[in-house]
Amino acid sequence: MTTTHQNSLDLVKSRATIDIDQLSPSIAEALGPFCDMTSNQALIAGVVTADPDGKLVTSIVEGLKQDGKIGEEGVEAALDLLVS
Amino acid sequence: MLAKAVNPYITGHVHAQLSPRYAHSIPESLAHGRRLIELFSKHGIPPNRVCLKIPSTGAGLVVCSQLQKEGINTLATTLFSVDQAVAAVQAGCYYIAPYFNELSVHFEPETWVDYGDDTAQKHPMCPVIRDIVELYRALEKRPLVMPAR
């Protein structure tokens, strides 16, 4: 038997364009599709501080160090890599 | 890495914000924007799917104008006034993001003001955003309005 389940998000999506205001692949997969993905440095900070084992940040920092990017240049490159 | 992972579930743009430290420098902002576009391309997201968020300073809006001419869509952010919204039209921005709340409310909860059941009348940004929307309605070529919460 097939049932059609419409939640409140589906209802809003049928009437408006909805963006995702999170840098979250898991939320995007669970609740998508969306139109745009917004982002800013505060949202990136949220992802970084929620990283349970720090593996994502550690791997990015290690990679950038190998490229000789340290200090402020390294921080900006890490933010850019995370968002892209 | 995050946009690359989210991209399969997105039909429009992925947004990336230029560093606020370059908010008053045209060449630094342009260079940062181009670095971001190159990174997104490396991650399989072409320039026409990226929107660069740029502070609505004098320099920032010049950068928006230049990037739009190069085919890169821009969003004018840190936008608090009708004047900035007019400048964003002149720059050809694809979006504007007028701030609704103060940014601090996300980090210092005590700065959030409860306007009760009369937010539309009492919140200081409501008339600003209303004026911007009314102004834009009279224009044929206008940015989309994406208020920031």
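Strand 1 and strand 2 of chain B pair in the parallel sense, over four bridges. Within that pairing, Ala16(B) stands opposite Leu52(B) of strand 2. The model is predicted. In chain B, the two strands belong to an open sheet of five strands, ordered 1-2-3-4-5 with parallel pairing. Strands of a sheet pair through backbone hydrogen bonds, either parallel or antiparallel.

**Sheet of chain B: edges and pairings**

- The edge strands of chain B are strand 1 (14-17) and strand 5 (144-145). Each of these pairs on one side only.
- Five bridges join strand 2 of chain B to strand 3 of chain B, and the two run parallel.
- Cys51(B) has Asn73(B) as its bridge partner in strand 3 of chain B.
- Strand 4 (residues 95-98) of chain B is joined to strand 5 of chain B by two bridges, again in parallel.
- Across that pairing, Ile96(B) has Val145(B) of strand 5 as its bridge partner.

**Helices packed on the sheet**

- Helix 4 (residues 82-91) of chain B packs on the sheet. It touches strand 3 (73-79) and strand 4 of chain B. The direction of helix 4 makes about 165° with that of strand 3 of chain B.
- Helix 6 (residues 125-137) of chain B also packs on the sheet, touching strand 4 and strand 5 of chain B. Its direction makes about 160° with that of strand 4 of chain B.

- Val50(B), Leu52(B) and Ile54(B) point one way from strand 2 of chain B. Cys51(B), Lys53(B) and Pro55(B) point the other way. Residues on both sides are buried.
- Strand 3 of chain B is mostly covered, with six of its seven residues buried.

**Ala91(B)**

- Ala91(B) sits in helix 4 of chain B.
- Ala91(B) counts as buried because it has 23 C-beta neighbours inside 10 Å, and the cut-off is 20 or more.
- Leaving aside neighbours within four places in sequence, Ala91(B) is in contact with Leu61(B), Cys64(B), Ser65(B) and Gln68(B).
- Asn48(B) is 43 residues from Ala91(B) in sequence. In space the two are 18 Å apart, C-alpha to C-alpha.

**Interface between chains A and B**

- The contact involves 23 residues of chain B and 22 residues of chain A.
- On the side of chain B that touches chain A, the elements giving two or more residues are helix 1 (2-6), strand 1 and helix 2 (26-42) of chain B.
- Helix 1 of chain B gives the most to that side, with five residues.
- By class, the side of chain B that touches chain A has twelve nonpolar, eight polar and three charged residues.

- The domain assignment of chain A gives domain 1 (1-38) and domain 2 (41-84).
- The centres of domain 1 and domain 2 of chain A, taken over C-alpha atoms, are separated by 28 Å.
- Helix 4 (residues 55-66) of chain A has twelve residues, which should span 16 Å at 1.5 Å a residue. The end C-alpha atoms of this helix are 17 Å apart, which agrees.
- The number of buried residues among the twelve of helix 4 of chain A is zero, so this helix lies largely in the open.
- Just after helix 4 of chain A, Gly68(A) takes a positive phi of about 80°.

Conventions:
Residues numbered from 1 in each chain as written. Chains lettered and ligands numbered in written order. Predicted model: local features only at pLDDT ≥ 70, side-chain atom pairs only at ≥ 80, totals over all residues. Pairing = 2+ DSSP bridges. Contact = placed C-beta atoms within 7 Å. Axes fitted to C-alpha atoms, helices over the stretch in contact; angles between N-to-C directions. Expected span 1.5 Å × (residues − 1). Nonpolar A, V, L, I, M, F, W, Y, C, P; charged D, E, K, R; others polar. Domains from an automatic or database assignment.
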